[in-house]
Amino acid sequence: MQLFVSALCFAAACGSVLPGPRRRRPQAVEVEVESVAALSNAATIPLRRRSGLALVQAGSSLRRMRLGRSRRARTRASGEAHASEYYGHISIGTPPQQFMVVFDTGSGNLLIPSKQCTGQACLTHKRYDASLSSTAVDVGFAESPDKAVDKGGDRDLVTITFGTGEISGVFVKDHICIGNVCAHGDFVTATEESDEPFSMVPFDGIFGLGLPQMSEGPHFNILDCMIRDKVLKANLFSVFFGATDDEESEITFGEFRPARMASNLFWVDVTNPGYWQVEMEDITIANRQLNLCKGDCQVAVDTGTSLMAGPTEIVNLLIDKLDVTNNCSNYHSLPSLGFIVGGHILNLEPTDYVDKSDDDGCSVALMTLDIPPPKGPLFIFGDPFLRRYYTVYDREKLRVGFALAAHPGVNRKRQTSLIDLGTSWRRTVHKK
């Protein structure tokens, strides 16, 4: 199976942010910017979906984590069946400048190309021009996010590295809007981008929605800036990914939408803030527990990646147990693959976890990802999972909500994908 990774893996979500060489600091000047009205809102942003990624990487670093093919997965010449990109509109500045971004729960900063970037990767996208915004403030250093740099003064240069390229940029503060929800926040404006892979992606930047531990600083976490400015109806956001190109996809800030759910919503506490990371209690095949986790499994819910991933040893075991034939002869008799989270089995069907192609046959769409304790073992719930399940990210109570997504044809009363194991199971797990 050939590895296709979404923009997340090639953008801020995949790289580490490294401060560049710092020279003598100028005397910083405090600049006042207009306050944002404390008006509580909710905004739903339609997302575009593009199937079949142009970005190919045989092995890539995923946010400081090694990602590769399972030794038992086949190499494929065709596109990845589950590879998709979801992206939508935001605006920055006064008057507003429009951009298309990936909303990524696996990274913590807003990253946008700047007018100063003249490489091919930037010229093929919309670029932010701070000189056209009356509310823009050039910021010198991340630890002084409200202080403007003197004209010609020193400022930090940030370098973000990726599996196949890198971006360098500087800090700016401005007015940022998602629909009718607006706040002031700091972000990275790219002054240089490598042509590969950034010239090939259909969106302009990355909107990091990870927790503040993943951001350059508190004022760089735009979700927290919205909460600080009291512009959200509720301090959360929710994500619905369409299962096909024709079905609507959306991200909603300030509320979740029951109409997008085909089951009750249940909540699971975040265990290790940074990623939206929760405990996974076990894995099932055809609803039978495999006893693979034993209290050690964690999963990051990641809207910015097109893949599902897990530790090599467990992924290889699952490939053996699922026994997907290369010629797809057993495709229609394959069992469900489930993950127990919060006392519920969250099942995926073969359409979710198998790559199926007329030219190249069938293979399990799970990548290997090896993270040692205490961060790992860590699984990634990417787009295949997020198309099956509606997710809600509660910043105030640090928890993630899960419900079966209400796609056409899903019967709320007859569905068997999401199974509640009951209170007795949850009490047993809690005692462990």
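Two strands pair if DSSP finds at least two bridges between them. The model on screen is predicted, and the tour below uses that sense of pairing.

**Stop 1: the sheet edge**

Select strand β24 (residues 344-348) and strand β31, which pair in the antiparallel sense over three bridges. Show Ile 345 and look across to β31: the residue opposite is Ile 419.

Now widen the selection to the whole sheet. Five strands make up this open sheet, in the order β20-β19-β23-β24-β31, with antiparallel pairing. At the edges are β20 (288-289) and β31 (418-420), each of which pairs on one side only.

**Stop 2: the helix on the sheet**

Which residues of α5 are buried? Colour Ile 314, Val 315, Asn 316, Leu 318, Ile 319 and Leu 322 to see them. An α-helix has 3.6 residues a turn, so residues three or four places apart point the same way. Step just past the end of α5 to Asp 323, where phi is positive, at about 55 degrees.

**Stop 3: an enclosed strand**

Move to strand β7 (residues 97-104). Seven of its eight residues are buried, so β7 is largely enclosed by the rest of the structure.

Start with the pairing to strand β6 (residues 84-92), which is antiparallel and runs over five bridges. Select Ile 92 and find its bridge partner in β7, Gln 97. The two strands, β6 and β7, form a hairpin with four residues between them. In that turn, click on Gly 93, which has a positive phi of about 95 degrees.

In which sense do β7 and β14 pair, parallel or antiparallel? The sense is parallel, and the pairing covers four bridges. To locate it, select Val 102 and its bridge partner in β14, Ile 206.

**Stop 4: an aspartate in a helix**

Finish at helix α4 (residues 222-228) and select Asp 224, which lies in this helix. Is Asp 224 buried or exposed? Its relative accessible area is 18%, and buried means under 20%, so Asp 224 counts as buried.

Show what surrounds the residue, leaving aside neighbours within four places in sequence. On that basis, Asp 224 is in contact with Pro 212 and Arg 395. Display both residues alongside Asp 224 to see these contacts.

How values were computed:
Residues numbered from 1 in each chain as written. Predicted model: local features only at pLDDT ≥ 70, side-chain atom pairs only at ≥ 80, totals over all residues. Heavy atoms only, no water. Buried < 20%, exposed > 50% of the residue type's maximum accessible area, 1.4 Å probe, protein only. Contact = heavy atoms within 4.5 Å.
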